[in-house]
Amino acid sequence: MPSSQYLTGDKSAIEAFLDRFDVFLFDCDGTANLSDPWIGVLWSGDHLFPGTAETLAMLREKGKQLVFVTNNSTKSRADYKKKFDNLGIPAKVDEVFGSAYSAAIYISRILRVPAPKNKVFVLGESGIEEELASESVPYCGGSDPALRRDIEPEDYKKIADGSMLDPDVGIVLSGLDFHVNYLKLSLGFAYLRRGAVFLATNVDSTLPNSHTLFPGAGSIGAPLVKAWGKEPLALGKPSQAMMDAIEGKFKFDRSRTCMVGDRMNTDIQFGIEGKLGGTLAVLTGVSKKEDFLAEGVEVVPSARAVLDPKKRQFAKAQWKEQAYSHRMNFYTIPPTGDITIEEFEEWGIARLKVLAELESCSYRSRTAEETATYMAPILAKYLPLTSNTSRSSTLDSDRKRDHYSHWTLRLAFSATEELRKRFARLETQLFKLRLQQDDARERRAFVESLGLDWSVVSESEKEELGEGLRNATNWRRDEEREWFKVPFEQVTELVETRRCLLRMGTAYVHVREQLGMVVAEFGRRLEAGLELASRALPRMDEDNRLAPILTHLSKSFTTPDAAYSEGGGSIGDTTAITAGSIDKLVQFFPLCMQNLHRELRRNNHLKHYGRLQYTLFLKGIGMDMNECLVFWRQSFKLVTDEKFNKEYRYNVRHAYGDVGGDANRRGRGYSPYNCQKLLTEALPGTGQHHGCPYRTFAPDQLIGLLGSTGISDQATLKGVKEDVTKQRYHIACNRVFEYKNKEQIKKVKDQNMWPASELDTILHPNTYFKRGFLLANLGLVKSGDVGVDGVGSQ
């Protein structure tokens, strides 16, 4: 830690200090202390420190950005705005960043648990609820009057069997709760046992008030910590999760940002661990001048700082700001620079999309040339890499993205041997594809930079080996007279196929085989690296910021995640979707929705999860809520109007966002389920029909179901059966789609009617429907107007 500088009274030093920063983060609240009743940064209670308003005004005049940071979770930003107004300090709501808002930002923009499992169970006051609602995060618990009571014997049974639990809760957020009780703690503990993420607004053990101390937010959550055996991720100072959330909102340059506070072990530590450009300690707080100026003083880092690249174990990490001299990368050196949580996740998702499309090419038996053609636009869109001669302005950033995304997925897919093998195979295929397309000179330079254990065969050795060398390597007179010699175990494939000369354990290989040798070496190193990465995973589980992202990515390997954009699967702009039109449109539905529709027509009823899955699908294809209510009322023929209105009507309205909490209404309800959701949820029970039939049906039953929808081609059915046996469910679904629409797809490709991106692998039931509908109505479609703004008319 750099030596501290005392600025009070030194005007030139103060001016120089202020000039170094564009952004100032201010602690706010004062604390009433037994030995000093006025302690704080801006105020203490209702007492504003002298010069505070003038100092803030001076910083604003200098063009500085101000952010007010507090650990108090009981107040919302609106509450703090009123506090600023009462004290005569000009401030905007958006400039306030409390731990409650930090939690909301972290949950909505960084953690991003997929809906509907993103509901938060709150141990806290209305300040937390207001901030969650501002970010459209659904919640329960908190200030709910129904939970402000003693626990009753019946509650134990309902919690145990799950009937008292909200199935959509995936996060438990603990803050300062003035009405905490055993019932709330029991519900929170039950959610944690079901896999919910454990978060805390802050873990302050005490709350100073009225010249004494009271239990703080950390004490409220302490019973859960004891019962669960794990600490929550704290989202208040000095946790760097809060710093990440602040940076995610304000997008500032950390090197030009200063933290102002009064406590060395919270505020100042917060700035130092956040690698800010500087910290400024005020002497109106708990820590005094001698504390900051003491010789050798340093802030004790938190547990997560052990992986800081500036620490001793990384002292020689010259690759921290790595220069990417070559387009290709062996990924032997892990990246140690700083990226945001958003980049960590977004780059990983983009690479996963590329690997999924590459895998689908091999499953569909595409040739090398067909694969290269198919992958070109996908690589350009998700993972572009340009040559050194391109002079692209994004060359370095593209290569950095490629480097970091590889390591993100390496961590995500190193947990099991099956995942490691699959990831290594696909990454090796991607490496080979790129290497083949690399500029010849750049490829040669890249291979030379690897320092591989290869030796060039000298002229004297060529003469000595003579015809034997040329014949064994199938040399032709129009080829280069260049050979390498390597240990034979590195080129076992060439030995097996007799494309090299063996002498005393050394393989003599023609230069034409170099590409294959490089690819094989890449695969060997990657497999070894994945084994090492698997050993680091237990440490990653301790980081609640990264662990959910890595888990989400690994689950996405079943089928990649497909984000749903409103209107992306709708045909509502081309035709009215009515209750009476569904029976005609069902021919374009994917098998999952055809199965639900068939059971609905057969039984005049569907159970809850099937209704929800089908309702959201109908919502996604463009059916409005009132028409959807008509559809379900007509379908439930055996149910009275009273029963329908009492038991079913509300669920449809809730799915559309017409009722429910403020967050549900603002978010317009739930989004239609994608393939990943259907493939990773629990299997349906007796009498249930939701989920993906390719996963839930036995192979013979599946073939029968496909036959009932008109699929009789034996080659297609055989391919589907092989796909589902190997758990390639989304590939099986795409195979059926391509068979049903093969003539139209051929026409689109031959006449270049759609962009290539509109024919990539289907990962969402609504995409399946819309693409099938548009292919069947090609005469109504303008060239290039597919999947963006809907169907055009000629």
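This is a predicted model: local features need pLDDT of at least 70, side-chain atom pairs count only at pLDDT 80 or more; totals for chains, interfaces and linings use all residues.

**Stop 1**
Start by selecting strand 5 (96-98) and strand 14 (278-281), the edge strands, each pairing on one side only. They belong to an open sheet of 5 strands with parallel pairing, ordered 5-4-1-13-14. Ignoring direction, neighbouring strands here are turned by 25° against each other on average.

Now zoom in on strand 13 (residues 257-261), which pairs with strand 14 in the parallel sense over 4 bridges. Pick glycine 261 and you'll find alanine 281 of strand 14 standing opposite.

**Stop 2: another sheet**
Here you get an open sheet of 5 strands, also with parallel pairing, in the order 7-6-8-9-12. Which strands stand at the edges? Strand 7 (139-141) and strand 12 (233-234) do; each has a single partner strand, so one side of each lacks a neighbour in the sheet.

Select strand 9 (residues 197-200) to see parallel pairing with strand 12 over 2 bridges. Alanine 200 has alanine 234 in strand 12 as its bridge partner.

**Stop 3: two helices**
Finally, show helix 30 (residues 699-708) and helix 31 (residues 714-725), whose axes are 10 Å apart at an angle of about 140°. The two are therefore oblique to each other, and helix 30 passes helix 31 in a right-handed crossing. The contact residues divide into 7 nonpolar, no polar and 2 charged.

Key
Residues are numbered from 1 along each chain as its sequence is written. Side-chain values use heavy atoms; hydrogens and water are left out. Two strands pair if DSSP finds at least two bridges between them. Axes are lines fitted to C-alpha atoms, for helices over the stretch in contact, and angles run from 0 to 180 degrees between N-to-C directions. Angles under 35 degrees count as roughly parallel, over 145 as roughly antiparallel, 65 to 115 as roughly perpendicular and the rest as oblique. A crossing is left-handed if the near helix is turned anticlockwise from the far one by less than a right angle, and right-handed if clockwise. Ala, Val, Leu, Ile, Met, Phe, Trp, Tyr, Cys and Pro count as nonpolar, Asp, Glu, Lys and Arg as charged, and the others, Gly among them, as polar.
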